[in-house]
Amino acid sequence: MSEPLEEKKQQLLNILRMEGIHDENVLAAIGAVKREKFIPDYLRQQAYENAALPIESGQTISQPYIVAYMTQELKVDNKMKVLEVGTGSGYQGAVLSRLCRRLFTVERHLPLMQRAEALFKELGLLNITTLFGDGMKGWPEQAPFDRIMVTAAADKVPEKLLEQLKEDGGIMVIPIGAQEETQHIYRITRQGDDFETEVLLPVKFVPLLGGIVHDS
Ligand code: SAH
């Protein structure tokens, strides 16, 4: 018989702690979001495995460790306005929304965006605003952002996103690297025209692509 999902969630939180996730606010946010809501039904029993899983439109919901790690390294607080590029299932967005003041999230696949929007509404996550569009362009009308998280890998950091980062201490976390190469999470901290770059963890993300897709 399979264990109840709540028990599996507690085990996952223990694993995240052992792997170095120490920010209690991040752990609490992960603990509060039901990952099973964001994945296809047939994968329900795997909702709290520390693994990436397939979602619609050939995309993936990231591994919980990576969600926790990127969230922790973004250093979000409840006064901040945050941009997420790559809504996907909406899971990372739901976690971020519990830690920031307002979350703006952009997705280029229409069916993914529609499903995520419905979930945010169902879960009462009222501080999330969605956009069906090309996140490589950012969201100029809402800029500047205190924090930007990109959840798809780019060859290089999109210029438009750098421009939309808050000048004094804005932080962006983004996977960088081509699909066939090892990608790394970069953390970029802005001070005026100066962008300090730190190379963090090796990762594997789906590509950041331009344009929009009306697939079904
Ligand atoms: N944060 C998501 C991860 C989804 S995978 C989650 O928690 O489930 C990355 C997502 O980025 C995919 O849905 C993909 O369609 C999207 N994406 C890729 N390039 C994009 C772009 N230029 N603008 C917006 N979304 C993009």
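The model is a predicted one, in which local features need pLDDT of at least 70, side-chain atom pairs count only at pLDDT 80 or more, and totals for chains, interfaces and linings use all residues. Residues are numbered from 1 along each chain as its sequence is written, and side-chain values use heavy atoms, with hydrogens and water left out.

Let us start with helix H1, residues 5-18. Helices (H or I, at least four residues) and strands (E, at least two) are DSSP runs, numbered from the N terminus. The expected span here is 1.5 Å times one less than the number of residues.

Which residues of H1 are buried? They are Leu 5, Lys 8, Lys 9, Leu 12, Leu 13 and Leu 16. Buried means under 20% relative accessible area, exposed over 50%, and partly exposed in between (1.4 Å probe, protein chains only). Seen down the axis of H1, the buried residues fall within an arc of 145°, so they line one face of the helix; the arc is that of the directions from the helix axis to the C-beta atoms. Their cover includes helix H2 (24-32) and helix H3 (64-74), where contact means heavy atoms within 4.5 Å. After H1 comes Gly 20, with a positive phi near 105°.

Now for the largest pocket, which holds about 360 Å³ of space. Of the 30 residues that line this pocket, Gly 86, Gly 88, Glu 107, Thr 151 and Ala 152 are the closest to its centre. A pocket is an open set of points on a 1 Å grid over the protein atoms alone, where a 1.4 Å probe fits, with protein on both sides within 12 Å along at least five of seven lines; lining residues have an atom within 4 Å of a point. Grid points are joined across faces, edges and corners, and the volume is the space filled by probe spheres set on the points.

Finally, look at the backbone. Most residues other than glycine have a negative phi, and most peptide bonds are trans. Ser 57, not a glycine, has a positive phi of about 55°, and counts as partly exposed at 25% relative accessibility. Lys 75, in the loop between H3 and S3, also has a positive phi, near 55°. A cis peptide bond joins Ala 143 and Pro 144.
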